[in-house]
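Please look over the sequence and the 3D structure below before reading on.

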Amino acid sequence: MKADQPSATAIFVANGVWWVSNHPSLKVEVPALLGELNLQMVEHVNRGVDYRLGRALLQVKVGLMQAVVMRGFYLHFVLRKRSIENYVRQAVQQHAHQLIVIGAGFDTLSLRMAREHPELRIIEIDHPATQAWKRNALEKVIAGHSNVHLLPLDLTQQTLQQLLVSNEHYQPGVNTVFVAEGLTMYLSSKEVREILAFIKETSAPGSRFIFTYMEERRRDDFQFKFASRLVDVWLAMKGEQFTWGLGDGQLEPFLEQSDFHLLHCATHNELREELLSPANRQARLAVGENIAVAQWNQ
Ligand SMILES: C[S@@+](CC[C@H](N)C(=O)[O-])C[C@H]1O[C@@H](n2cnc3c(N)ncnc32)[C@H](O)[C@@H]1O
């Protein structure tokens, strides 16, 4: 990431969700609250979207980006958000008292959950350059939820341990659900293990880590299956290259080494079958980023 600019991929995801919300046949896949909060983010990070011309220009730009890099990208973002929200809701219904969203970007999961669960302690963690933009965009909404706290952290400079252990908003020792959506591909294996270790050290058994990870396409190549080479070029230009993922059959052993048990893993097939409405069942969907739900068992 560039130290002084918000994450380009976080903007890409928010714009992609907005594109789906405006698509004639796909918009039904975007829940109302997700679409509404995301629109506030999109209006903040893109100039002129509150005008008809600005909206039309953004629509063309965002549509072209997807057409060039890979069709089905944006719908994948919407489904991964819905899937993660379902898994978080399940964890909260099954005793999680706290939600920690790491690398939250311009996603609005914490605000959606805060509305539904005012009793839930919620912390969002992100790179300072990205988080500052979000804080400005959603100032009023965030202020309306006293249970949501935004904490800046650059994971390459500081660990979760260093940030949270002495933070007044983090409650150690309770059942907690941690989320990392679209983040682990920017980390190293060691940094992902540090997150697992932190969960074990500071939260109660039964706590969960819900995260997305890239499937290894070829040796040391972590990218969406049918993405054009332009994706890697663009990510390199933005300083957001993918650095980590897991090969076939590696997910469970990776988790077990840290005493985590895999509860669910959703690939594009599950997302399609479980979430897409019948009319869109055949829509094109990106392949290669899966959603894993892991639980720490003592
Ligand atoms: C692809 S975006 C995903 C955003 C959001 N989770 C979503 O899925 O919509 C990647 C996020 O990871 C964050 N990120 C990347 N490197 C980071 C680092 N070293 N420390 C903290 N956050 C980082 C970026 O700021 C950005 O918000």
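Alanine 114 sits in helix α5, which covers residues 109-116, and the model in which we see this residue is a predicted one. Because alanine 114 has 22 C-beta neighbours inside 10 Å, and a residue with 20 or more is called buried, alanine 114 counts as buried.

**Around alanine 114**

- Apart from the neighbours within four places in sequence, alanine 114 is in contact with Leu120, Ile122, His145, Asn147 and Val148.
- Glycine 144 is 30 residues away from alanine 114 along the chain, and the C-alpha atoms of these two residues are separated by 9.7 Å.

**The chain as a whole**

- The chain contains 12 helices and 9 strands, and its radius of gyration of 18 Å is close to the 19 Å that the globule rule gives for 298 residues, so the chain is as compact as a globular protein of that length.
- Taken along the principal axes, the box filled by the C-alpha atoms of the chain is roughly 55 × 45 × 40 Å.
- Of the 298 residues in the chain, 42% are buried.
- If we consider contacts between residues at least 6 apart in sequence, 77% of them join residues that are at least 24 apart.

**Helix α1 and the segment before it**

- Helix α1 has 14 residues, and the distance from its first C-alpha to its last is 20 Å, close to the 20 Å expected at 1.5 Å a residue.
- Since 13 of the 14 residues of α1 are buried, this helix is largely enclosed by the rest of the structure.
- Serine 7 is found in the segment before α1, and with 24 C-beta neighbours inside 10 Å serine 7 counts as buried.
- Serine 7 and methionine 70 are 63 residues apart along the chain, and their C-alpha atoms are separated by 20 Å.

**Helix α3 and its two sides**

- Helix α3 runs over residues 52-69, and its 18 residues should span 26 Å at 1.5 Å a residue, which agrees with the 26 Å between its end C-alpha atoms.
- The residues Leu58, Val62, Gln66 and Val69 of α3 are buried, and seen down the helix axis the buried residues fall within an arc of 80°, so they line one face of the helix.
- As background to this pattern, an α-helix has 3.6 residues a turn, so residues three or four places apart point the same way.
- On the face of α3 turned away from the buried side are the exposed residues Arg52, Leu53, Ala56, Val60, Leu64, Ala67 and Val68.
- The elements that cover the buried residues of α3 include α1, α4 (73-93) and α10 (229-237).

**Helix α6 and its buried side**

- In helix α6, which is made of residues 128-137, the buried residues are Thr130, Gln131, Trp133 and Lys134, and they cover an arc of only 160° around the axis, which puts them on the same side of α6.
- These buried residues of α6 pack against α1 (8-21), α2 (32-45), β2 (121-126) and β3 (148-152).

**The surroundings of the ligand**

- The ligand is surrounded by 20 residues, and the closest are Thr9, Gly103, Gly105, Thr130 and Gly182.
- Helix α1 gives the largest share of this shell, with 3 residues.
- The residues of the shell divide into 8 nonpolar, 8 polar and 4 charged.

**Loops and positive phi values**

- Most residues other than glycine have a negative phi.
- Histidine 95 is not a glycine, yet its phi is positive, at about 95°; this residue is in the loop between α4 and β1 (98-102), and with 12 C-beta neighbours inside 10 Å histidine 95 counts as exposed.
- Aspartate 259, also a residue other than glycine, has a positive phi near 65°; this residue lies in the loop between α11 and β8, and aspartate 259 is partly exposed, with 16 other C-beta atoms within 10 Å.
- Serine 258 lies in the loop between α11 (251-256) and β8 (260-266), and with 17 C-beta neighbours inside 10 Å serine 258 counts as partly exposed.
- Leaving aside the neighbours within four places in sequence, serine 258 is in contact with Arg193, Leu196, Ala197 and Lys200.
- Serine 258 and tryptophan 296 are 38 residues apart in sequence, and from C-alpha to C-alpha they are 8.4 Å apart in space.

How values were computed: Residues are numbered from 1 along each chain as its sequence is written. This is a predicted model: local features need pLDDT of at least 70, side-chain atom pairs count only at pLDDT 80 or more; totals for chains, interfaces and linings use all residues. Helices (H or I, at least four residues) and strands (E, at least two) are DSSP runs, numbered from the N terminus. The arc is that of the directions from the helix axis to the C-beta atoms. Two residues are in contact if their C-beta atoms, placed from the backbone, lie within 7 Å. The radius of gyration is taken over C-alpha atoms; the globule rule is 2.2 Å times the number of residues to the power 0.38. A residue is near a molecule or strand if its C-beta atom, placed from the backbone, lies within 6 Å of it. Ala, Val, Leu, Ile, Met, Phe, Trp, Tyr, Cys and Pro count as nonpolar, Asp, Glu, Lys and Arg as charged, and the others, Gly among them, as polar. The expected span of a helix is 1.5 Å times one less than its number of residues.
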